[in-house]
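Student: I would like a close look at one kind of contact between side chains. Could you walk me through it slowly?

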Amino acid sequence: MPAQDYFECTLTLDNSAQAELTTEDRRTYTGKPSLSGDTLSILETQRSNLKDYGRTLFDALFTDQLLTGYRNALNDARGRKLRLRFEIMDTAPSANELSQLNWELLYDAKAAKGGDFLSRSSDIVFSRQRNTAGLLAGLGTADTLKLLVVFSCPNNLGDSYESLDRAELTAKFKETLSPLAGRIAPTFLPQATRNDLRDAVRDGDFDGVQFYGHGYRDKNTNETGLILEKPDGSADFVEEGTCLDLFKGKELRLLCLMACYSGSMKSDEDPFSGLALKLVRQNHQAVIAMKRAIKITSADAFLKYFYKYLKAFDGTVDAAVGEAWLQLSINGDDEWSIPTLYMRLTDGRLWTERQSLTALAATNATGAIKDGIVNYFRKGKVVPIIGPGILKDVLPSAAEIGQYLANKY
């Protein structure tokens, strides 16, 4: 499937209790959401009814010009999908409570194609975004995602946690990734100790990490973390701060934490506490985490669909997550909205498709690029300066040109 074109749109809750919706054509709409204590109380009573919860949340968020801007953005997309990034600023009033709402359940009862959750819509790809103090988002220029796969399977968790078998998980995940050969290059960590994981992240040439195992939340302190392994195979409960240290020093394109509570936060601390949000603050580009406990069957199904559609959408992570949400929901899985995506990639791409120099040299130059560069020139849309990186997905990178020249000469 060719790369999808998206109409970019950002919705931000700021420090004045206002919200601002900005579109790629620089139009801005503002409004004051009705997210008072009364609304939050109503939402709390509706948690078991996903549609009612989603309707209430949608009506409370899209007030004043915001609803007009949202409808206009859908219309202006004109056949493209709307990429809707949602962000709550650190300084927004009640940011702590707002951050814990299930925004993936926003439900548009008056959608043109019939009522639907925004995160499941065929017209929208939805993600949360985290402002990280000016750090640059990733460009997604590599053609392969080098993925470190970590299965944590402690041998002494007893009946409190479902037992996990590393050999079984490895075989299943290899099958899941087999259609992505050439796009995802997996390396499986032999044992999930904190030292082995830290060494692999620090010294390995990895673009992403897929963690699969158990997470925990302390009943007394609300502290969250991951359950890793000690060298003897027993459980190692690694608290949030140490988990952050394990992933420091390298900005990953993808960090997928299939572990309960990896996307939850403390109710008594700042609104951006919790493992997932702090990992985003470390400038990892796409973080997938679980807002609360999730069944193994739901986690397995999400992963299967996520990687299937990652291939189908040519590495576009938010589109793949959205399709995975939809597939789980279609199958009647009421935990479909537990996985949460925080995305900072500018185009959502985990890898980039390019023609090779060999392919370009083997064809007539004009014929090979006429649908891309030549048409742009004829329409006066670009200045004809040709070089590596000028037209992403069309011209090779500087590294690819260097490798080609080295091999040839």
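Student: Which residue forms a salt bridge with R55, and how far apart are the closest N and O atoms?

Tutor: Happy to look at that with you! Keep in mind that this is a predicted model. The partner of R55 is D52, and their closest N and O atoms are 3.0 Å apart. Both residues belong to helix α2, which covers residues 50-61. They sit 3 residues apart there, about one turn of the helix. Now for their surroundings. R55 has a relative accessibility of 32%, so this residue counts as partly exposed. D52 is partly exposed as well, with a relative accessible area of 30%.

For a second example, turn to K291 and E104, whose side chains meet in a salt bridge at 3.2 Å, N to O. K291 lies in the loop between β15 (286-290) and α9 (296-312), while E104 lies in the loop between α4 (95-99) and β5 (107-108), so this pair ties together parts that are 187 residues apart in sequence. Buried means under 20% relative accessible area. K291, at 15% relative accessibility, therefore counts as buried. E104 is buried too, with a relative accessible area of 1%.

Elsewhere, salt bridges that share partners join E8, R83, R85 and D318 into one network. To put these examples in context, the structure holds 24 salt bridges.

Conventions:
Residues numbered from 1 in each chain as written. Predicted model: local features only at pLDDT ≥ 70, side-chain atom pairs only at ≥ 80, totals over all residues. Heavy atoms only, no water. Salt bridge = Lys/Arg side-chain N within 4 Å of Asp/Glu carboxyl O. Helix = DSSP H or I, 4+ residues; strand = E, 2+ residues; numbered from the N terminus. Buried < 20%, exposed > 50% of the residue type's maximum accessible area, 1.4 Å probe, protein only.
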